[in-house]
Amino acid sequence: MQAVKLLIVDDDEDDFLLTKELLGEIDQDYQLDWAASFNEGLTQLSQSSHDLCLMDYKLGAQDGIALLRQAQNAGFTGPIILLTGVHREDVDIQALEAGAVDYLVKADLSAEQLARSIRYALARSEVERERVVRLKAEAENRSKSEFLAHLSHELRTPLSAILGFTELLINRIIDTESLAHLQIVHRNGKHLLGLLNDVLDLSKIEAGKLELEQQTICLSSFLCDIYFLMRGAAIDKNLELRIEAPQPLPIDIVTDPMRLRQILLNLIGNAIKFTEEGWIVLRIERIRVGGKEKISFTVRDSGIGIAQDVMELIFEPFVQSKDTYAHPRAGTGLGLTISKMLVARLGGDICVRSEVGKGSEFSFSIDPGDISHIDSVLLTLNFDIVGEKATIVPQFRGRVLVVDDLRDIRLLIGHFVALTGLEVMYAVNGEDAIRLINAEASQNRYFDLVLMDIHMPVMGGHEAATKLRQTCFEKPLIALTAAHMKGDMDKCFESGFSFYLGKPVDQSRLYECLTRYFPIISSDTNSGSIEARVILVVEDDPDALQAMSALLGLLGWQAVPATNAAMALLKVKDYAPEIILVDINLPDMSGYAFAAQIRPLLPDTQIIIVSGEEIDKQRAEDAGISGSLLKPVSLDRLEKFLQ
């Protein structure tokens with residue numbers, strides 16, 4: 001048992017010896033020091049080198065109450081027990097008010113009583129010390145979270161302007177040389193955003209602030225997107241990129257698609273980066289771990305490999321091999337660290353095997369939710385054509401208020417909104433927004449939607465949203481924020497926001513958000529503006545899908561594309577299309593089977609089979625199919641058919 005460092009402050013040597021004798025009767029080792037005067041006691045206490053102090057009430061011309069008060073100011077952090085010759089209630093109260101933890105009368109003092117008082121005082125002191133440490137740690141975590149939120153906002157905000165205006169110019173400029181320069185700016189801006197995300201993600205995970213968003217995803221569509229995103233980088237290095245699945249996989253799984261995509265893009269990106277010739281393979285399997293079904297992902301390459309001494313360190317933050325992993329844009333050295341942490345959050349683990357000169361293999365598994373009742377099919381992906389998706393600008397009618405204290409961001413978002421035909425007005429902070437909303441309402445002019453930044457001077461977004469809801473403002477309020485910390489979404493909803501968009505604001509995501517609250521319209525030269533009718537196009541061939549969507553756009557329809565039945569089933573719930581054009585042969589089921597599933601969900605929707613062959617009329621009737629179109633489909637035939 002460790003000795004207790006104890007200081008006795010008493011100007012009477014007899015009393016000191018008496019107290020020392022009582023301490024000797026206690027089954028505890030004490031390291032005693034004696035201060036025989038007020039000043040000597042203050043000097044010893046200011047060093048704060050003792051666990052506890054026994055202090056006499058009378059110290060010559062001065063008293064222990066005064067020393068008690070000065071001891072805390074001098075820096076003593078341990079408990080102090082006051083000793084007195086005679087019990088006085090007023091002294092007892094003064095002692096406790098001055099900071100003493102107990103008050104003992106010498107005449108009645110026994111070893112047992114003294115031991116109990118010391119034991120309780122030390123226990124309370126330890127509890128208090130733990131409480132202070134805990135409060136300090138909580139305060140540091142709060143400060144770290146606030147710093148991360150501020151850093152995220154301050155860095156993402158200028159990146160929003162850089163990426164947004166660059167993308168805007170890319171979609172407008174046709175000069176080849178200028179377009180190439182803009183694409184370089186945009187690509188490097190995205191790279192910078194990726195580095196920023198790495199640093200912030202690691203900090204968020206360590207602070208316990210990373211929030212997962214579990215969603216049901218179509219596995220084939222998800223993997224197709226992964227392939228499309230990485231194929232260009234592989235082609236640039238003349239590498240073969242393949243996706244393999246040797247066994248049937250569930251059509252749908254439940255996971256966080258953004259984080260799973262982040263892991264796969266990091267692993268495949270590393271494989272491409274450090275492979276000079278050969279191939280990269282992504283293999284997906286259904287496995288069982290400890291009685292639980294999981295999905296396993298393995299990324300193998302024929303690259304330069306990883307040295308054994310580096311293998312033990314690659315998952316550590318900020319670690320990069322100087323020899324094996326040398327690349328002019330090697331990043332932050334956080335990719336694998338973050339991937340390992342994210343895999344753990346997704347319910348699995350990650351491992352690596354590698355040999356220098358022969359390539360590497362990274363494997364990880366995730367918890368896909370309950371897939372025991374999910375239909376499984378062999379993975380079928382169409383990789384015939386790859387290209388960036390053009391941003392489709394829908395057309396709306398209404399008035400929108402954009403609130404942001406930064407002029408560049410305010411104008412960028414306003415420009416994106418104005419492209420849709422919406423009337424845009426601006427406010428520089430929450431107070432300005434409330435004033436403008438009230439001023440417009442007094443003239444019987446109302447905003448149909450408000451896009452509002454969270455972090456602004458004078459009045460921030462949360463306070464402004466709360467005040468607007470208190471005044472019965474019922475229109476949609478959309479939060480714009482660069483702080484992607486755990487609880488941000490809940491805090492926005494608590495403040496009264498209807499939806500949440502992260503910065504940098506993605507143009508497509510912005511339009512998806514606006515589509516939630518505004519009906520899409522199309523221009524008609526004869527009848528003016530009318531609402532666009534929604535048609536779902538289900539086609540696994542990307543050329544045919546793009547052509548059909550373009551033709552429907554010319555005819556004034558809003559074409560919603562889907563490359564397989566599973567994706568189409570999800571989009572049916574979001575869009576409730578008036579008409580569905582479905583290919584007869586889909587990778588995951590036939591057009592007949594798809595129609596049979598849709599018919600109970602949308603009894604009034606027209607389901608049209610598009611086929612290169614004559615359809616089975618009886619099967620079509622049984623499935624609830626309304627009609628058929630024979631490929632190839634021309635604009636005239638399509639227009640007449642839809643009319």
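This is a predicted model: local features need pLDDT of at least 70, side-chain atom pairs count only at pLDDT 80 or more; totals for chains, interfaces and linings use all residues.
Which residue lies over the face of F447, and at what distance from the ring centre? That's R399, 4.7 Å from the centre of the ring. (A charge counts as over a ring if NZ of Lys or CZ of Arg is within 6 Å of the ring centre and within 35 degrees of the ring normal.)

## Before you dig in

Residues are numbered from 1 along each chain as its sequence is written, and side-chain values use heavy atoms, leaving out hydrogens and water.## The big picture

The protein has 20 helices and 28 strands; these are DSSP runs, numbered from the N terminus, with helices being H or I of at least four residues and strands E of at least two. Of its 643 residues, 47% count as buried. Here, buried is under 20% relative accessible area, exposed is over 50%, and partly exposed is in between, using a 1.4 Å probe and protein chains only.

Take the contacts with a separation of 6 or more: 69% of them come from residues 24 or more positions apart. A contact means heavy atoms within 4.5 Å.

## Rings that pair up

A search of the whole structure turns up three aromatic pairs. Rings of Phe, Tyr and Trp (its six-membered ring) pair if their centres lie within 6.5 Å; planes under 30 degrees apart are stacked, over 60 edge-to-face, and the rest tilted. One of the pairs is F16 with W34, stacked at 4.5 Å centre to centre with 5° between the planes. This pair links distant parts of the chain, with F16 in helix α1 (residues 13-24) and W34 in strand β2 (residues 30-35), 18 residues apart. F16 counts as buried because its relative accessibility is 9%, while W34, at 27%, counts as partly exposed.

Another stacked pair is F297 with F364, at 5.2 Å centre to centre and 15° between the planes. Here two strands are linked: F297 belongs to β13 (residues 292-301) and F364 to β15 (residues 359-366), 67 residues apart. F297 is buried, with a relative accessible area of 0%, and F364 is buried too, at 1%.

## A helix with two sides

Now look at helix α4 (residues 89-98), where V91, A95 and A98 are buried. They sit on the same side of α4 because they cover an arc of only 70° around the axis, taken from the directions from the helix axis to the C-beta atoms. E89 and E97, on the other side of α4, are exposed.

What do the buried residues of α4 pack against? They pack against α3 (64-74), β6 (80-84) and β7 (102-105). Following α4 comes G99, which has a positive phi near 120°.
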